[in-house]
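Visitor: I am new to this structure and would like to learn how to read it. Please show it to me, and then I will ask about its features.

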Amino acid sequence: MADAAQTGSSGKIKYLICGCGSTGYNVVEELLKETDSILILDKDEKRVQDLLDQKYQAIVRELKDPAALDELPVPEVIFVLSNDKDANLAVVRTAKAKYPSAHLIARATDPVSKNQLEAAGADVVLYPQEVIAKTAVLRIRRLSSSRIARRLYTLLGSWEGTLGIIAHTNPDPDSVSSAMALAVIAHDASGGKLVSRILYDGTIGHQENRAFVNLLDIKMEQITPELLSACDHLALVDSSGPGVNNALGKDARVNIIIDHHKNGTHDTSKVDFVDIRPGMGATASVMTQYLQELDIPVDTKVATALLYGIRADTRDFRRNITPQDFNYAAFLLPLTDRDILDKIMSPAVSQETLEVIGSAIQDREVVSGYLFANVGYLRNRDAIPQAADLLINLEGVNTAIIYGITDTSIIFSARNRDIRIHIGKVLEEAFKGIGEAGGHATMAAAVIPLTYFSMVKDKEELLGLIIEPILKRIRRIVGLEDEAKHEV
């Protein structure tokens, strides 16, 4: 390293280290892996001499002195790392004025000094206790994730026969892609001894979902009692328990549950493997993490499906997204088929979907920012959430609730931008005891099975008889009982 006498007001240097206690010394050691263009300032003469003896470039300077940075090479990056908070603040202020284009990283000794250093102009402020805490939590989460993935792999490796992977009713890309990924893991873990079959009930009505399944040539089978009886093991993906938005009975025995929705009151104590993460944006993200942790090769078809599953469930990374979801999407992106992704995202819109959206627009009712729309009888239930996605964007609307009736159930879909309410909890309370409901703060859904009324021919008249008490419940929960109605 260069001699201290070589420092001067002319020239440049990569890194300037202000304060070289244990933290500063470790930073220097790390930076030396990149370059030796490093200058160290410290007020301790003995410490500086020790650094010079080790061939480091170092100068004695009192960091609180306004002239501490005079006659030095111009640095690209400045680290302010002493354990004296007043000295660090003084250096930051001096450095900001003297070297405005340099990147400035400062060490805080307490939360108050962190705020002061940020206000003084430090680009990055490191509070060691906070850094250690975040690192510790991140490491334990990674360790936990690795162990969870390995436990799933070991379990699947101990099985043979047929694994029935059950997607939720009217499966979406998140559910389908998660089932595909679980099938890949099962095949790898069992060495091919475990054959997976992806099962579903309902319909794949949304045009993008149909394009997704068709373009990727995903093999799925309509669930039947005969198919279920042929399965030696059952797994649920993107569904938190038997009978929760799937064709199984509530008492059905399942072996695996993987989901990103909150598990309500469903007992999972007898399930062999449960991984439910309400904080994750998509179940496809959980499955991608498994594949990463287990170092299982991801082919183009599965990668494309998983990436689209994450994008669809987070509405193109705008809803319920976490940093982990972004990380997994970044991992998948280079492995995907971009042409197929473009085709999936630009499908033809069916005539019924347009008619449902038109009905929702035509028959909407708005009360103090809450929009309600009855679309009547429909065959394609996926048109209801599409209408909700559109109507939430109307001026003056903060919450959109769209509902309609099919041959077998009454369907609700809700979208919300009002930070004062959690629409998933609103629907949970409103439909308690009469149907299945739930979701997130910004989006939710509910279903009321028709059971004894499924044979009624005039479905729209039936909807009219049933709907008013439910809407009254919702209005009461959100405080709209006494609000005047008006049109947008």
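Visitor: Which side chain meets Asp70 in a salt bridge?

Guide: Side chains of opposite charge can pair when their charged atoms come close. Here the partner of Asp70 is Lys98, at 3.6 Å from N to O. A salt bridge is a side-chain nitrogen of Lys or Arg within 4 Å of a carboxyl oxygen of Asp or Glu. The structure holds 16 salt bridges.

Visitor: Which parts does the pair of Asp70 and Lys98 tie together?

Guide: Asp70 lies in the loop between strand 3 (58-60) and strand 4 (74-80), and Lys98 lies in helix 3 (residues 85-98), so the pair ties together parts 28 residues apart in sequence. Helices (H or I, at least four residues) and strands (E, at least two) are DSSP runs, numbered from the N terminus.

Visitor: What should I know about the model and its numbering?

Guide: This is a predicted model, in which local features need pLDDT of at least 70 and side-chain atom pairs count only at pLDDT 80 or more, while totals for chains, interfaces and linings use all residues. Residues are numbered from 1 along each chain as its sequence is written, and side-chain values use heavy atoms, with hydrogens and water left out.

Visitor: How is the protein chain divided into domains?

Guide: Domain bounds come from an automatic or database domain assignment. The assignment gives domain 1 (13-126), domain 2 (144-345) and domain 3 (351-478).

Visitor: How many residues of domain 2 are in contact with domain 3?

Guide: Contact means heavy atoms within 4.5 Å. By that rule, 16 residues of domain 2 touch 11 residues of domain 3. The C-alpha centres of these two domains lie 27 Å apart.

Visitor: Which side chains form the salt bridge across the interface of domain 2 and domain 3?

Guide: The rule finds 1 salt bridge across that interface. Lys250 and Glu436 meet in a salt bridge at 2.8 Å, N to O.
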